[in-house]
Amino acid sequence: MAFESILNDQGGATIVEYTGDSLSVVIPSTISDGSGNPIPVTVIGESAFSCHPLESVVIPEGVEIIEDFAFHGCSNLKHVTFPSTLRRMEDMVFNNCESLTSVSLPDGLEHLGQSSFSGCVNLRSIHLGKSITSIDKFLLFDCESLEEVSIPEGVRDIRDHAFAGCSSLEYVIG
């Protein structure tokens, strides 16, 4: 299998490394425990896909957390499908994913860490899910092609430099 995983504290599996060479990846919703028993994948671990030449990734339903740097530096990544179950994205998850052009985050996402999309120089639009209440610092730093941001009504806090370097930003929808 092209995925290395460990059992996490919540009783699910954490994908800790992708060892495959496919440019289009569908992360499995379950991993075998070695005895043939399926364990649900609930976490994408720190740096699990970092700097891989991925072009697209489908994150399965059941994943609740994406840890720091999980897809950092995947400069060829153009498309990400997020599950409705996603609750947390930690820091710098998609930092420097230069080929991303559009992102739509699920409504159940409650936490979006700092610099999550910084350096995504070709990102043109991003839709933040309805459960986001704070936009962390450097969230979209240096996203120079960003034209449109959809901010949910519940956002009460926009932190330092969240949109710094977004020289093409024209529309903030909220």
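Where does S84 lie, and between which two strands? Select S84 and you land in the loop between β8 (79-81) and β9 (88-89). Strands here are DSSP runs of E of at least two residues, numbered from the N terminus.

Before going on, a word on the model. It is a predicted one, where local features need pLDDT of at least 70 and side-chain atom pairs count only at pLDDT 80 or more, while totals for chains, interfaces and linings use all residues. Residues are numbered from 1 along each chain as its sequence is written, and side-chain values use heavy atoms, with hydrogens and water left out.

**Stop 1: around S84**

Setting aside neighbours within four places in sequence, S84 is in contact with both E61 and P106; contact means heavy atoms within 4.5 Å. Now show the side chains of S84 and E61: a polar contact of 2.7 Å joins them. That term covers a pair of N or O atoms within 3.5 Å; within protein, one must be able to donate a hydrogen and the other to accept it, and residues adjacent in sequence count only if both atoms are side-chain atoms. Next, pick L105, which is 21 residues from S84 in sequence and 8.6 Å away in space, C-alpha to C-alpha.

**Stop 2: the open sheet**

Switch to a cartoon view and find four strands in the order β10-β12-β14-β16, forming an open sheet with parallel pairing. At the edges sit β10 (102-104) and β16 (171-173), each pairing on one side only. From one strand to the next, the twist averages 5°, an angle between lines fitted to C-alpha atoms, taken between N-to-C directions on a scale from 0 to 180 degrees.

Zoom in on β14 (residues 148-150), which pairs with β16 in the parallel sense over three bridges; two strands pair if DSSP finds at least two bridges between them. Click V149 and then V172, its bridge partner in β16.

**Stop 3: S150**

Stay in strand β14 and select S150. Is S150 buried or exposed? S150 counts as buried because its relative accessibility is 17%, and the cut-off for buried is under 20% relative accessible area (1.4 Å probe, protein chains only). Its side chain makes a polar contact of 3.2 Å with that of H127. Beyond four places in sequence, S150 also contacts I126, L128 and I173, among others.

**Stop 4: C97**

Finish at C97, in the loop between β9 and β10. C97 is buried, at 0% relative accessible area. Not counting residues up to four places away in sequence, C97 touches F71, G73, C74, S75, L77, G119 and C120.

Conventions:
Buried means under 20% relative accessible area, exposed over 50%, partly exposed in between (1.4 Å probe, protein chains only).
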